[in-house]
Amino acid sequence: MFLHTKLENRKKPIKIAFIGCGKFVSMFLAQYNHLVKIQIDSIVDLNIDQAKKNCSNSGLDKTKISKINLTYCSFV
């Protein structure tokens, strides 16, 4: 709705986290490079290597991926 306008007026980024980095998150990640003032803080997943691959396959460069806190979680 008015998210774009709200983000324009915001000084600090909105930090988000994902639980699991599968198909659904890949759709968001594909658009992430075009989003302003939204920052991926953390991704929690069973398979960290696959989560990194999904980030890379979705268009995130290594610099952006390295800034994400990727955490293993056995109950995802």
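Predicted model: local features only at pLDDT ≥ 70, side-chain atom pairs only at ≥ 80, totals over all residues.
Biologist: Which residues of H2 are buried, and how do they sit around the helix axis?

Modeller: Helix H2 spans residues 23-32, and its buried residues are Val25, Ser26, Leu29 and Tyr32. Looking down the axis of H2, you find these buried residues within an arc of 105°, so they line one face of the helix. The face turned away from that buried side carries the exposed residues Lys23, Phe24, Met27 and Gln31.

Biologist: How should I read a nonpolar core, and which members touch the most others here?

Modeller: As a general idea, nonpolar side chains in soluble globular proteins tend to be buried together. Here the largest nonpolar core has 16 residues, and those touching the most other members are Cys21, Leu29, Ile40, Ile43, Cys55, Leu60 and Leu70. At least two residues of this core come from each of H2, S2 and H3. Take Leu70 as a case to trace on screen: leaving aside neighbours within four places in sequence, Leu70 is in contact with Ile43, Ile48, Ala51, Lys52 and Ile65.

Biologist: What about aromatic rings: how many pairs are there?

Modeller: A pair of aromatic rings is described by the distance of the centres and the angle of the planes. The count comes to two aromatic pairs. One of them joins Phe28 and Tyr32, a tilted pair with 6.2 Å centre to centre and 45° between the planes. Both residues lie in helix H2, four residues apart, which is about one turn of the helix. Phe28 is partly exposed, at a relative accessible area of 25%, whereas Tyr32 counts as buried at 11% relative accessibility. Together with Phe18, Phe28 and Tyr32 form one aromatic cluster.

Biologist: Which backbone angle stands out at Lys37?

Modeller: Most residues other than glycine have a negative phi. Lys37 is not a glycine, yet its phi is positive, at about 70°. You can find Lys37 in the loop between H2 and S2, where it counts as partly exposed at 27% relative accessibility.

Definitions and conventions:
Residues numbered from 1 in each chain as written. Heavy atoms only, no water. Buried < 20%, exposed > 50% of the residue type's maximum accessible area, 1.4 Å probe, protein only. Arc of directions from axis to C-beta. Core = buried A, V, L, I, M, F, W, Y, C linked by side-chain atoms within 4.5 Å. Contact = heavy atoms within 4.5 Å. Phe/Tyr/Trp six-rings, centres within 6.5 Å; stacked < 30°, edge-to-face > 60°.
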